[in-house]
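Have the model open as you read.

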Amino acid sequence: MATNKNAQIRYKALDKCFSNFYKAFYIDDLIKYCSDVLTEYYVKETTVSRRQIFDDIEFMRSEAGFDAPIESYKDGKKAFYRYSDSEFSILKSPLNPSELDSLNEAMETLSRINNLPGFDWVNTMQAKLNSGINQSQNQRQIISFEDNEFLKGIELLNPLYHHIANTQTLDIKYCGFRSSKENIFNISPYYLKQYNSRWFLFGYNHQINKIQNLALDRIVDIQLSKTSFKICEIDFREYFEDIIGVSNDESKQTVDVKIELSENIIPYISSKPIHGSQKIKENILHLQVKLNYELEALILSYGENMSVLEPKELILIIKDRVNKIKIAN
């Protein structure tokens, strides 16, 4: 399995090189790039041999592989490699027989664990895999998922997962939403969470001595740090219990939030609770949460269908934000 995973990572890395028509990739460049990608993925020094790269090129060119139009172009005594078709990418190609076999094996394994406690997510995963297999075999698409294929930072998920698992402190170059300036944060990474179709990293910031969350799509670069890792003392199952979203000001206390609901959204809110503390009595939504940006954004997203009754602080915040909304003539 590890060997097969290595191969898939190398093919993707080579695909990026062959698709780049602004840079010439010679064999040594291909070796270095693939080695760097594998090193970042496994968080340990990994080197690819020259023979392996040539074998990969041969496989990618074959019908059993991707039927990729890889050409070698002479440049003096050396040669660089590139696709002859600038529109080609293995990511646009249908799955080959080997990949379909691997997917079907994965499906069989998943089917054996989908009834185990804590594995309810497997049903969604199986549906996604089946959808992908059907599309690869040119069958009619019968399901779609809310995935953002243009989401930045998604490629950082696996490296960050390994950094967390290996308790490695990081220097993270970061550009926040409200800043055009890049900062470098010294972070002991602890936890990854998805919210509202975006991914966030939670970790201990050694410069400000507290937990910080960083949006993956705002991370510019990640480097290993020499700072000693600070052991995590937080139970993240409890960390998110008192909030909606990802913003948790630990100095704040939870408050009783009361929101009047319009009749037409009560069934929707009832069937899709917005928080674990939710209770609906008649047409009043009761929440026990901390006030944060995500709560405000959620309320505003429902427009006239929600009217905040308590607390007074939240009423004033929502009024202020509504008054700042600019509507074009």
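## A buried glutamate and its partner

Let's begin with Glu296, which is buried at a relative accessible area of 12%. Keep in mind that this is a predicted model. The side chain of Glu296 meets that of Arg321 in a salt bridge, 2.8 Å from N to O. This pair links distant parts of the chain, with Arg321 in helix α10 and Glu296 in helix α9, 25 residues apart. Arg321 counts as partly exposed, at 25% relative accessibility.

## How α9 sits on α10

Helix α9 spans residues 293-301 and helix α10 spans residues 312-323; their axes come within 11 Å and cross at roughly 60 degrees. That makes α9 oblique to α10. The crossing is right-handed.

On the α9 side, the contact involves Tyr293, Leu295, Glu296, Ala297, Ile299 and Leu300, which meet Leu314, Ile317, Ile318, Arg321 and Val322 in α10. Sorted by type, the contact residues come out as nine nonpolar, no polar and two charged.

## Other salt bridges

The whole structure has nine salt bridges. One of them joins Lys258 and Glu310, at 3.9 Å from N to O. Lys258 lies in strand β9 (residues 255-261) and Glu310 in strand β12 (residues 306-310), so the pair ties together parts that are 52 residues apart in sequence. Lys258 is partly exposed at 28% relative accessibility, and Glu310 is partly exposed at 36%.

Asp36 and Lys32 make another, with their closest N and O atoms 2.9 Å apart. Both sit in helix α2 (residues 27-42), four residues apart, or about one turn of the helix. Asp36 is partly exposed at 38% relative accessible area, while Lys32 is exposed at 54%.

Note on methods
Residues numbered from 1 in each chain as written. Predicted model: local features only at pLDDT ≥ 70, side-chain atom pairs only at ≥ 80, totals over all residues. Heavy atoms only, no water. Axes fitted to C-alpha atoms, helices over the stretch in contact; angles between N-to-C directions. Helix = DSSP H or I, 4+ residues; strand = E, 2+ residues; numbered from the N terminus. Parallel < 35°, antiparallel > 145°, perpendicular 65-115°, else oblique. Left-handed = near helix turned anticlockwise from the far one by under 90°. Contact = heavy atoms within 4.5 Å. Nonpolar A, V, L, I, M, F, W, Y, C, P; charged D, E, K, R; others polar. Salt bridge = Lys/Arg side-chain N within 4 Å of Asp/Glu carboxyl O. Buried < 20%, exposed > 50% of the residue type's maximum accessible area, 1.4 Å probe, protein only.
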